[in-house]
There are 2 protein chains.
Amino acid sequence: MKTLYVELGDRRYPIHIGPGLLDQPELLRPHLPGQQVLVISNTTVAPLYLDRVRAALTGLRHEVLILPDGEQYKTLATLDAVFTALLNHRFARDCTLVALGGGVIGDMVGFAAACYQRGVHFVQIPTTLLAQVDSSVGGKTAVNHPLGKNMIGAFYQPGGVLADTDTLGTLPDRELRAGLAEVIKYGLIRDLPFLEWLEANIGHLLARDAAALTEAIERSCRNKAEIVALDERETGERALLNLGHTFGHAIETGMGYGEWLHGEAVAVGMCLAADLSMRLGWLAADGAERVRALLARAGLPLAPPAQLTADDFLRLMAVDKKVKEGQLRLVLLRSLGRATLVSGVDPHILRSTLEDSFQ
Amino acid sequence: MKTLYVELGDRRYPIHIGPGLLDQPELLRPHLPGQQVLVISNTTVAPLYLDRVRAALTGLRHEVLILPDGEQYKTLATLDAVFTALLNHRFARDCTLVALGGGVIGDMVGFAAACYQRGVHFVQIPTTLLAQVDSSVGGKTAVNHPLGKNMIGAFYQPGGVLADTDTLGTLPDRELRAGLAEVIKYGLIRDLPFLEWLEANIGHLLARDAAALTEAIERSCRNKAEIVALDERETGERALLNLGHTFGHAIETGMGYGEWLHGEAVAVGMCLAADLSMRLGWLAADGAERVRALLARAGLPLAPPAQLTADDFLRLMAVDKKVKEGQLRLVLLRSLGRATLVSGVDPHILRSTLEDSFQ
């Protein structure tokens, strides 16, 4: 097991990464200060791992809430169901919520913990690659609005993160590939050696080689933890973690939540960002091609859905959270391993990238 | 005009108190860092004061959202309408929400500001006595859940508070009295000289004497600002501000939101707290009588609604936010001007207070 820390002063917390963590109650127990625990999972993950989490809670009052599975349920309405369960169980401000599942469960449970009685404890037990390398770390919580992805939420840190790599054994291939998109993102934005390692090891990752997966998760979490410690509330560098996300969120919102996986949409978004970076003269053509080639080897889509036009993209991207003083801001690549936040991109060049991407 | 500050480091903010503030745009403008402003008010307050607030916003892009008036609309569903308006207007993370109204508007707009894009600016323009002396200051934001009052919310501070005392001229008598309950609360919990001043001046306050109202608001806000600076997130002394509120929230939830005004429910709750404090041997009988006498002179109810039984109270109070380790905690009076947070109150004595209160 490896343990990293997100260094946030008195809100510092550990990320434990490795096999068999669900069978080590001593990792979970320090993060449950009260006597009441609500484990929240979904219909896919609960049958696989809920029993082991419950076994770790012996002696505590714990209740379970099983939500439907999918991005389309990451809504205020589902959140309300969480609050109703907490109140029906008479859970107090010293209770703890445990998020057992992927990014949707983690984002929603984190936001519920931020709001219930103005803030209760919570722990992340991510069971997808995407959640283990990205969404469970750093305290971004949210639900979606029909008009925009992750538009309603809070910065709210967990007490700890338990990434049991054994849970990836049951992950569908499509979800594994979607998680790799966020892994590749870290290489692209700030870690060229990691990008090169990924180019050399993508085959092992797709084959679910345990050592390779653990290394990829650890290096991803290390990058994420560093950035979050520097800029918890995204006033600066943290925005770079959104490489591909402005385009990606437009795909997710425009297609209807749940149609595309988040990582798939981000993969296309990173291709678009690389293309735009090339048109602006920053990234060499072979750099953009390396981005596409690695994503293609990871089995990820490279082009947006044919149903969305360039105009759709521009309309959907206008509500992006990085818009400032009326200007769209995009994360682009100065070079491989070096991202930058850019405002005032020439709209004609942006449109060219979008229009040519559908080919 | 008087200006107090809530001392919260880099989140320090002013409370301006006095007549004619709505006609001084220079008070509002420093708190609007971006170019987009959404003014949120209700159907009662907007016809009275919205034009003057809009006049202060000349040159900025400002939109207006008018919500229905009443505690029964302080819900997640109304909150969703705020998010929809913000997204339809393409409002970005650097926008500002302006809450123009009483405590319901302030609590809900503050929570919307806390959650929209994970946090945007907001300003409080409280137009009721209750909002000016209590709810607009200190950053407690929330909506209600059918199972419990203020159960979903956040600690989130405004950029500034503008309490224009002229707006009290249009306040219905019932609302004025409800606000006086929270004013009296400050005297009871920590400010005996203020309590004595209130006993001497309650007639002037009910007659809406401008100087008396301004002094009452200023002394209330000073107490509130001091407590919030010491204990923003209610880990200690801030809980004392909840004198009467555990009982009061039970009345509001049990009767259906909007039947009783918050201040009316708190007035009864303070009578119950004083009675219980007396039964525990802390408060002398004449002390409890002074509490009742002052609230009676303020025209506030002293006894709970006959529809609620002692069992109803005990059930509704079990989800209070101050419950810790399964124990109900109550704010009680050691003496007049000195409150304390107590856990483990003998349930038989609590029941006696409740049962005898219906007489």
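This is a predicted model: local features need pLDDT of at least 70, side-chain atom pairs count only at pLDDT 80 or more; totals for chains, interfaces and linings use all residues.

Reader: Why is the pair Asp134(A) and Lys185(A) called a salt bridge?

Author: The term requires a side-chain nitrogen of Lys or Arg within 4 Å of a carboxyl oxygen of Asp or Glu. The closest N and O atoms of Asp134(A) and Lys185(A) are 3.8 Å apart, so the pair meets that rule.

Reader: What makes domain 1 and domain 2 of chain A separate units?

Author: The bounds come from an automatic or database domain assignment. Chain A is divided in this way into domain 1 (2–170) and domain 2 (173–357). Their C-alpha centres lie 25 Å apart. The contact (heavy atoms within 4.5 Å) takes 35 residues from domain 1 of chain A and 36 residues from domain 2 of chain A.

Reader: How do you know how much area domain 1 and domain 2 of chain A bury between them?

Author: Buried area is the accessible area (1.4 Å probe) that two parts lose on being put together, summed over both. For domain 1 and domain 2 of chain A the value is about 3000 Å², with 64% of it on carbon and sulfur atoms.

Reader: What counts as a polar contact, and how many residue pairs are in polar contact between domain 1 and domain 2 of chain A?

Author: A polar contact is a pair of N or O atoms within 3.5 Å; within protein, one must be able to donate a hydrogen and the other to accept it, and residues adjacent in sequence count only if both atoms are side-chain atoms. Between domain 1 and domain 2 of chain A, the count is 15 residue pairs (both at pLDDT 80 or more). Helices (H or I, at least four residues) and strands (E, at least two) are DSSP runs, numbered from the N terminus. On the side of domain 1 of chain A that touches domain 2, the largest share, 6 residues, comes from α5(A).

Reader: How is the contact between chain B and chain A described by the same terms?

Author: This contact takes 38 residues from chain B and 38 residues from chain A. The two chains bury about 3400 Å² between them, 59% of it on carbon and sulfur atoms. Leu87(B), Arg93(B) and Arg118(B) supply 23% of the area that chain B buries against chain A, more than any other three residues.

Reader: Which residues does UniProt list as "binding site", and why may they be said to gather at one spot?

Author: The UniProt record (unreviewed entry) lists Glu182(A), His245(A) and His262(A). They span 81 residues in sequence, yet no two of their C-alpha atoms are more than 10.1 Å apart, so they gather at one spot. UniProt positions are given in the numbering used here, feature names are shortened, and annotations may be inferred rather than shown by experiment. Glu182(A) is placed in helix α6 (residues 173–190) of chain A.

Reader: Why is Asp173(A) said to tie parts together with Arg208(A)?

Author: The closest N and O atoms of this salt bridge are 2.8 Å apart. Asp173(A) lies in helix α6 of chain A and Arg208(A) in the loop between α7 (192–206) and α8 (210–230), so the pair ties together parts that are 35 residues apart in sequence.

Notes:
Residues are numbered from 1 along each chain as its sequence is written. Chains are lettered from A and ligands numbered from 1 in the order in which they are written. Side-chain values use heavy atoms; hydrogens and water are left out.
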